[in-house]
Amino acid sequence: MAYYQPHPAAGRHFLQIPGPTNVPDRVLRAMDNPTMDHRGPDFGELGAKILANLRAVFQTAGHVVVYPASGTGAWEAALVNTLSPGDSVLMCRTGWFASLWQEMAERLQLKPRFIETDWRRGADVAAIGEALSQDRAHAIKAVCVVHNETSTGCTSRIDEVRAAIDAAGHPALLLVDTISSLGSIDYRHDAWGVDVTVAGSQKGLMLPPGLSFNAVSEKALKAAEAATLPRSYWDWRPMLAANATGFFPYTPATNLLYGLDTAVSMLSEEGLTNVFARHDRLAEATRRAVRAWGLEIQCLDARHYSSSLTAVRLPDGHDADALRAMILEKSNMSLGNGLGILKGRVFRIGHLGDFGPLQLIGTLGGVEMGLRQAGVPHKAGGVQAAIDYLAGNA
Ligand SMILES: Cc1ncc(COP(=O)(O)O)c(C=O)c1O
């Protein structure tokens, strides 16, 4: 049962929102160790080890900054370290989280230009290329893209965004939010020429909420020297200076770092390629279940299907929040809600993090029962379709 559940239910709670995700026992055990002196010599050794090992997860040889903050803090850090008041930034409104990042940019006195989508696909790469080609004065200082839009289950093609920036010969920085993709979906900070990667602890990294990250390119570090947005807590410079010996300029989230050390080891033991393949396979099984139910997947472009979550649309006249409430009450499972314009229209199945085929079958079983209990029109057989695929019979 969950830690705080006033109406106890038997059996383990299924936390199938698209993050925070289920924390593996091994990570929980690591965090359940005495907090240590964050200015003592042992800490420097641990900090240096974690900071070095973390690079592989971002597929970078460069610096990764760790903040004791949620993902929103790392969004802010990416902007305030690289930009100046009044700078234009090109942002792609792929969904709820892209919209929140854009609102933050406005509050920080940046000037976002938007590229809209219908929230049913990833970023419009052709429109990004077009906007950059037209910007001959190079007023746009950064292109901001959410890699995996957690509100819609659409994954943008960052390799193609990079190619569009290069084809336009534009010097803008590329800032990418990987909060719900890092450690779940293939992501290459260096190979895709990303300048700042924003990430969070609570999804593919299998940790509780509370840590967030900026992976930083040399170009971003140079931009940070000229940037004039006010920054203090988020400033990379004192952080990187302290990190050089494995320390932090302020009190780090020590026990979350124990967990991070373990989670990064687990990803490396499984092998990142296998981690991505596992997520791809479970996502495909989920989509087969959804199609068998006769329901619609929110993402319309198969090239943009997300391997970390699937957003499922309900038929008109049926409320996804009522379905989720029914599933929570009857089956003790939490599913993700619809956000912004998708409120009540979709529910989201998280299939990321510490997650395997049996958890998926349980999750899909809970959804299929819930559809029936809530009287949502559907066909039976979604769970069977997933089993057929996972068992290799599809
Ligand atoms: C893609 C994306 N970006 C940003 C955020 C905001 O992160 P946080 O809630 O950790 O501040 C989230 C949270 O779910 C997210 O999924």
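Start with a pair of helices: α5 passes α6 in a right-handed crossing. Keep in mind that you're looking at a predicted model.

- Two packed helices are described by the angle between their axes and the distance between the axes.
- For helix α5 (residues 125–134) and helix α6 (residues 158–167), the angle is about 20° and the axes are 9 Å apart.
- Angles under 35 degrees count as roughly parallel, so α5 and α6 are roughly parallel to each other.
- Now try helix α12 (residues 357–373) and helix α13 (residues 382–390), which pack with their axes 9 Å apart, at an angle of about 165°.
- That angle makes α12 roughly antiparallel to α13, since the cut-off for roughly antiparallel is over 145 degrees.
- As for handedness, α12 and α13 have a right-handed crossing.

**Around the ligand**

- G71 uses its backbone instead, with an N or O atom 2.8 Å from an oxygen atom of the ligand.
- D177 has a polar side-chain atom 2.6 Å from a nitrogen atom of the ligand.
- How much of the ligand's accessible area does the protein cover? The ligand has 380 Å² on its own, and the protein covers 86% of that.

**Backbone spots to look up**

- Here's the background: most peptide bonds are trans, and most residues other than glycine have a negative phi.
- Is the peptide bond from G19 to P20 cis or trans? This bond is cis, with omega near -5°.
- You can find P20 in the loop between β1 (14–16) and α1 (25–31).
- Q59 isn't a glycine, yet its phi is positive, near 50°.
- To spot Q59, go to the loop that runs between α2 (41–58) and β2 (63–67).

Methods: Residues are numbered from 1 along each chain as its sequence is written. This is a predicted model: local features need pLDDT of at least 70, side-chain atom pairs count only at pLDDT 80 or more; totals for chains, interfaces and linings use all residues. Side-chain values use heavy atoms; hydrogens and water are left out. A polar contact is a pair of N or O atoms within 3.5 Å; within protein, one must be able to donate a hydrogen and the other to accept it, and residues adjacent in sequence count only if both atoms are side-chain atoms. Accessible areas come from the Shrake-Rupley method with a 1.4 Å probe; for residues, only the protein chains shown count as cover. Axes are lines fitted to C-alpha atoms, for helices over the stretch in contact, and angles run from 0 to 180 degrees between N-to-C directions. Helices (H or I, at least four residues) and strands (E, at least two) are DSSP runs, numbered from the N terminus. Angles under 35 degrees count as roughly parallel, over 145 as roughly antiparallel, 65 to 115 as roughly perpendicular and the rest as oblique. A crossing is left-handed if the near helix is turned anticlockwise from the far one by less than a right angle, and right-handed if clockwise.
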